[in-house]
Amino acid sequence: QYSTQASATGTGTTPSVTATTTSGDIVIDFMQYEGLAGATVNSAGAGQTVINNEETPTQDVSGSCSYETASGASTTNDWTASASNLWASCSVVLED
């Protein structure tokens with residue numbers, strides 16, 4: 001069952017979003033960089049399993065998706081990118 005969502009925006013190489021969770025929840029996150037010329041490599045944070053990690057240099061966009069099992073009252077999904085620019089990230093919590 002879907003319970004909560006969270007979102008964040010910013011500029012830089014380390015996008016992250018934190019959702020309210022309980023232990024055992026599954027947190028799915030989506031992250032997108034905009035305005036990047038050329039390839040950008042996005043690396044998922046610790047504990048995240050990558051679902052999709054794709055860049056589209058002809059459209060100057062890269063996007064990534066992962067999931068993680070929550071272990072406490074909040075879960076942060078974060079990424080590290082090889083270039084700095086505008087980003088947006090959101091997460092959805094599926095209750096245990």
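# Strands, burial and cysteines in a predicted model

User: What is the strand order of the open sheet, and what is the pairing?

Analyst: In this predicted model, the open sheet has three strands in the order β2-β7-β4, and the pairing is antiparallel. β2 (16-20) and β4 (42-44) each have a single partner strand, so they stand at the edges and one side of each is left without a neighbour in the sheet. From one strand to the next, the twist averages 20 degrees.

User: What makes β4 a partner of β7?

Analyst: Three bridges join β4 to β7, against a requirement of at least two, so these strands pair. They run antiparallel. Ser43 is opposite Thr80 of β7.

User: Which residues of β7 are on the covered face, and which on the uncovered one?

Analyst: The covered face of β7 has Thr75, Asn77, Trp79 and Ala81, while Ser74, Thr76, Asp78 and Thr80 are on the uncovered one. In a regular strand, side chains alternate between the two faces of the sheet.

User: Why is Asp25 called buried?

Analyst: Buried means under 20% relative accessible area. Asp25 has 3%, so the residue counts as buried. Asp25 lies in the loop between β2 and β3 (26-34). Not counting residues up to four places away in sequence, Asp25 touches Glu68, Thr69, Ala70, Val93, Leu94, Glu95 and Asp96.

User: What makes the approach of the Asp25 side chain to Thr22 a polar contact?

Analyst: The cut-off for a pair of N or O atoms is within 3.5 Å. The side chain of Asp25 reaches the backbone nitrogen of Thr22 at 2.9 Å, so the distance meets that cut-off.

User: Why is Glu95 called partly exposed?

Analyst: Partly exposed is the range between buried, under 20%, and exposed, over 50%. Glu95 has a relative accessibility of 39%, so the residue falls in that range. Glu95 is found in the segment after β8 (85-94).

User: How many residues separate Glu95 and Asp25 in sequence, and what is the distance in space?

Analyst: Glu95 and Asp25 are 70 residues apart in sequence, and their C-alpha atoms are 4.7 Å apart. With neighbours within four places in sequence left aside, Glu95 is in contact with Gln1, Ser3 and Asp25.

User: How do you know that there are zero disulfides?

Analyst: A disulfide needs a pair of cysteine sulfur atoms within 2.5 Å. For Cys65, the closest cysteine sulfur is that of Cys90, at 8.7 Å, which is too far for a bond. Cys90 is in no disulfide either, with the sulfur of Cys65 as its nearest at 8.7 Å. The count comes to zero disulfides.

User: Which of these terms applies to Cys65 and which to Cys90: buried or partly exposed?

Analyst: Cys65 has a relative accessible area of 10%, under the 20% cut-off, so this residue is buried. Cys90 has 32% relative accessibility, between 20% and 50%, so Cys90 counts as partly exposed.

User: Why does Tyr67 count as partly exposed?

Analyst: Tyr67 has a relative accessibility of 35%, which is between the cut-offs of 20% and 50%, so the label is partly exposed. Tyr67 has its place in strand β6 (residues 61-69). Leaving out residues up to four places away in sequence, Tyr67 touches Ile26, Val27, Ile28, Asp29, Gly47, Gln48, Thr49 and Ile51.

User: What is the secondary structure of the protein chain?

Analyst: The protein chain has zero helices and eight strands. Buried residues make up 31% of its 96 residues. Of the contacts with a separation of 6 or more, 74% are between residues 24 or more positions apart.

User: What is the confidence of the model, and where is it lowest and highest?

Analyst: The average pLDDT of the protein chain is 88, and 90% of the residues score at least 70. Confidence is lowest in strand β5 (residues 49-56), with a mean of 85, and highest in β2, at 96. Where pLDDT is low, the predicted coordinates should not be read in detail.

Technical notes. Residues are numbered from 1 along each chain as its sequence is written. This is a predicted model: local features need pLDDT of at least 70, side-chain atom pairs count only at pLDDT 80 or more; totals for chains, interfaces and linings use all residues. Side-chain values use heavy atoms; hydrogens and water are left out. Helices (H or I, at least four residues) and strands (E, at least two) are DSSP runs, numbered from the N terminus. Axes are lines fitted to C-alpha atoms, for helices over the stretch in contact, and angles run from 0 to 180 degrees between N-to-C directions. Buried means under 20% relative accessible area, exposed over 50%, partly exposed in between (1.4 Å probe, protein chains only). Contact means heavy atoms within 4.5 Å. A polar contact is a pair of N or O atoms within 3.5 Å; within protein, one must be able to donate a hydrogen and the other to accept it, and residues adjacent in sequence count only if both atoms are side-chain atoms. pLDDT is the predictor's confidence in each residue, from 0 to 100.
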